[in-house]
Amino acid sequence: MGPSSTPDLSTEVTPLSLSTVAVVGLGTMGTGIAEVLTRAGREVIGIDTDQAAARQAVASLEAASARAVQRERITERERQDILARFRTFSDLQAAAEADLVIEVVPENYELKRQVFAELDAVVRPDAILATGTNALSVTRLAADSQRPERVLGVHFFNPAPAMKLVEVVSSVLTAPAAVAAVTQLARDLGKDPIAVGDRPGFVADGLLFGYLNQAAAMYESKYATREDIDAAMRLGCGLPMGPLALLDLIGVDTARTVLEAMYAESHDRLHAPAPILGQLAEAGLTGRKAGRGFYTYEAPGSPTVVPDAETPAADGALGAGRTVTSVGVAGSGTMASGIAEVFAKAGFDVVLAARSPEKAEKAKARIAKSLDRSVSKGRMTAEARDAALAAITPAGSLDAFAEVDLAVEAVAEDLEVKQQLFATLDKVCKPGAVLATTTSSLPVVACARATSRPQDVIGMHFFNPAPAMKLVEVVRTVLAADDVHATVRAVCAKVRKHAVDCGDRAGFIVNALLFPYLNNAIKMVQEHYASLDDIDAAMKLGGGYPMGPFELLDVVGLDVSLAIEKVLHAEFRDPGLAPAPLLEHLVAAGCLGRKTGRGFREYAKR
């Protein structure tokens with residue numbers, strides 16, 4: 001290709017060389033992208049009308065590269081080369097020599113359109129123009145440009161140097177060669193690119209922001225405290241941050257803008273911004289950057305949370321609970337044996353009751369194996385194992401619960417079965433015993449009403465596997481006594497679990513936030529917007545999730561997931577919560593996930 005020729009991007013298939021890149025907007029994201037590009041050997045033209053922002057970007061790159069030398073990731077010579085490749089300017093005219101321009105100015109359509117219009121008059125005809133938006137229409141920006149075939153979206157995740165995901169967004173007007181060139185550049189930067197179509201939020205934010213919005217609405221309704229919502233999602237799902245802390249990090253105003261764009265397209269009520277987002281944004285309480293959002297911070301920009309009027313009191317303020325030294329666990333499955341193990345290791349006397357003595361012995365044998373594994377991994381001593389096993393008494397009938405202080409039910413997730421069991425516990429257990437259900441989706445009050453002492457009944461939702469998972473959702477009904485609540489909170493502390501309080505409604509905290517997100521992921525596949533692999537990669541690489549949604553669905557079981565979706569839809573009556581038809585079809589076909597060898601993916605037979 002001669003120096004005077006102008007390639008036709010619509011037919012070119014060989015990825016173009018993108019050696020010089022202009023980054024317009026040197027805020028946090030622009031600075032991060034510039035660092036990634038310079039470290040990968042690209043010449044970077046940083047452009048920002050605010051000279052203070054440009055100076056800050058240079059200082060950030062100097063500091064980041066100095067840390068890299070200190071950690072022996074690069075040499076001092078390489079550092080000097082990196083710094084030499086970054087030049088800053090205050091005028092868009094500086095983009096004239098760029099092969100690619102990445103725009104990361106604030107999420108305002110008019111501002112972005114103006115930047116693109118000015119770039120049209122400056123850049124070479126073969127230069128690619130990329131917007132870093134995650135909420136606004138790439139297609140609309142392209143259509144308003146003089147060369148729509150060279151316009152696309154390139155969405156990095158914050159912090160850009162650390163996060164592996166890059167979403168490469170095509171409009172219907174984008175030339176394949178432009179997509180190929182930017183995709184290859186992302187790979188050259190050590191990133192994992194996924195190709196997506198143009199819709200607000202794309203894949204990762206499209207799933208993430210609906211979840212964040214529901215968490216904000218949950219907090220606004222005073223269903224649970226901000227601390228409990230965040231702890232529940234960190235400890236129950238293994239997420240790196242709770243949703244409200246993440247909203248503060250992203251910026252409450254930014255989240256509201258993204259949700260407005262998503263709602264304008266989807267008209268799904270799950271995307272309609274929770275009113276509290278608007279209230280906080282209008283008040284200037286936009287999160288960490290302002291020093292206050294859902295939480296209060298030490299100073300604007302500080303990550304350090306400081307106590308404020310909403311900070312909860314310590315557990316001691318709950319008042320006195322009842323004395324618990326012995327615990328009955330009803331059930332013989334994985335959950336029941338896991339809960340029995342937790343109590344036994346914490347020094348409680350445990351009665352493990354199943355439908356027959358044989359089943360109870362089998363459950364105790366499962367616990368013995370689990371304890372043996374802990375000893376072999378050095379997590380506990382042989383003496384501690386022997387003491388825990390000796391504390392467990394297997395029984396073939398609930399009659400053995402006559403003297404327990406706390407009875408915990410962990411049988412099948414069937415309301416009729418649970419109600420019958422609670423009616424039996426009512427007859428068997430001594431007065432003053434606390435009766436707890438481990439249900440994850442059924443109404444606790446329905447179990448309470450099966451007894452003559454509903455004030456003694458509470459929910460204790462452990463997570464699977466119970467010995468490993470730190471979270472317990474403590475579910476109070478409107479009938480539960482204060483001292484019963486205090487008792488269960490104290491017991492959770494003694495077994496070294498983190499208790500979160502919530503009311504008696506479908507899904508409690510974790511499932512009410514998790515399953516609509518999983519359902520929306522299924523809808524993305526159903527609508528052919530993205531593949532299973534791309535969605536799983538997007539959430540792991542872009543959101544820091546330990547598992548992608550389809551990996552998780554197959555582990556949980558599609559039948560279990562469908563049942564929870566149905567419960568949520570029946571309780572909240574929101575059309576957006578209706579189970580995705582694809583999930584229903586897979587369950588009807590017997591494809592239930594790993595346990596059947598096939599769900600969203602196929603698994604080797606064990």
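**Salt bridges in the predicted model**

Asp426 counts as buried, at 17% relative accessibility; buried here means under 20% relative accessible area, exposed over 50%, and partly exposed in between (1.4 Å probe, protein chains only). Arg453 lies in the loop between helix H16 (444-448) and strand E16 (457-462) and Asp426 in helix H15 (residues 415-428), so the pair links parts 27 residues apart in sequence. Helices (H or I, at least four residues) and strands (E, at least two) are DSSP runs, numbered from the N terminus.

This is a predicted model, in which local features need pLDDT of at least 70 and side-chain atom pairs count only at pLDDT 80 or more, while totals for chains, interfaces and linings use all residues. Residues are numbered from 1 along each chain as its sequence is written, and side-chain values use heavy atoms, with hydrogens and water left out.

By the salt-bridge rule, the count comes to 33. One of them joins Glu527 to Arg199, with closest N and O atoms 3.0 Å apart. Glu527 sits in the loop between helices H18 (510-526) and H19 (532-543), and Arg199 in the loop between strand E8 (192-197) and helix H7 (204-220), so this pair ties together parts 328 residues apart in sequence. Glu527 is partly exposed, at 45% relative accessible area, and Arg199 is partly exposed at 22%.

Glu551 pairs with Lys540 in a salt bridge at 2.8 Å between the closest N and O atoms. Salt bridges that share partners also join Asp99, Arg124 and Asp126 into one network.

Note on methods:
A salt bridge is a side-chain nitrogen of Lys or Arg within 4 Å of a carboxyl oxygen of Asp or Glu.
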